[in-house]
Amino acid sequence: MSNRPDLSWKHFILPPINNEGKRFVLIFAAVTLLFFAIHAVFLGELLTVLTIWCYYFFRDPKRAIPQGESLVLSPADGTVSKIEEMVPPSELELGTEPMTRISIFMSVFNVHVNRAPMAGKILTVNHIPGAFVNVSLDKESENNERTLLSMETTKGTKIAFVQIAGLVARRIVTQVKPGDELKAGERFGLIRFGSRLDVYIPKTVAPKVQVGQLAIAGETILADLDVNGEALKGEMI
């Protein structure tokens, strides 16, 4: 079987969608048909647009995963919003030493399926209920609903990634538990309708992305654990 990506028109017009979204699409479609059936044409047309948007929100395209045990991949599609040193949340059980946190903001137009940044074993999974406010505000995001996951990679390094609900997001889906083994780029969950993913890596590791850069889940290399140093420098032009 060929490993080439599907570049046919079907891939772009009708991309595969995540199982988590199928019931939402069916609900939107059923309500749309109901409005047309009772001759509420305007509402039917409006719901048609929303049904199409819902389908594309839950799209789940295949990705070409870079190979390399030391590579840290983006767990989400979106924009790199922050790179900074932070003490990881205590729920991650990673100690009190600062780590480098790379934050990726997902808008409602991004693919929202989340993928494992590295291969390894899940150590902890902690879901914390909370508020739903703008995830671009650090103080507020600490109070948001979130799920915190730590992992021991195949190289023996401990990293972490955090799913954070946003202003519009109302549900975090995490499909793994402690002890599960994940491959790099493997799907592990999603967040509905806009949110943020944080990745914690050792502070000595040099990030390969910069703030403002677009990231693609499972494909964009955030860092290489074998490369120490300062964050990548660049400019937006």
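H39 lies in the loop between α2 and α3, where helices and strands are DSSP runs numbered from the N terminus (helices H or I of at least four residues, strands E of at least two). This is a predicted model in which local features need pLDDT of at least 70 and side-chain atom pairs count only at pLDDT 80 or more, while totals for chains, interfaces and linings use all residues. Residues are numbered from 1 along each chain as its sequence is written, and side-chain values use heavy atoms, with hydrogens and water left out.

- Although H39 is not a glycine, its phi is positive, at about 65°, and H39 counts as exposed because its relative accessibility is 69% (exposed means over 50% relative accessible area, buried under 20%, partly exposed in between, with a 1.4 Å probe and protein chains only).
- E93, in the loop between β2 (78-86) and β3 (99-106), is not a glycine either and has a positive phi of about 55°; with a relative accessible area of 60%, E93 is exposed.
- As background, most residues other than glycine have a negative phi.

**The helix pair α2 and α3**

- Helix α2 (residues 19-37) packs with helix α3 (residues 41-57) at an angle of about 165°, their axes lying 8 Å apart (axes are lines fitted to C-alpha atoms, for helices over the stretch in contact, and angles run from 0 to 180 degrees between N-to-C directions).
- The two helices α2 and α3 are therefore roughly antiparallel to each other (angles over 145 degrees count as roughly antiparallel, under 35 as roughly parallel, 65 to 115 as roughly perpendicular and the rest as oblique).
- Residues of α2 that make the contact include F24, F28, F35 and F36, and those of α3 include L43, L47, L50 and Y55, contact meaning heavy atoms within 4.5 Å.

**I172 in strand β8**

- I172 is found in strand β8 (residues 172-174) and counts as buried because its relative accessibility is 7%.
- Leaving aside neighbours within four places in sequence, I172 is in contact with E145, R146, T147, Q163, I164, A165, L190 and I191.
- I172 and S195 are 23 residues apart in sequence, with a C-alpha to C-alpha separation of 9.3 Å in space.

**The chain as a whole**

- The protein chain has four helices and 14 strands, and 44% of its 237 residues count as buried.
- Among contacts in the protein chain between residues at least 6 apart in sequence, 71% join residues at least 24 apart.
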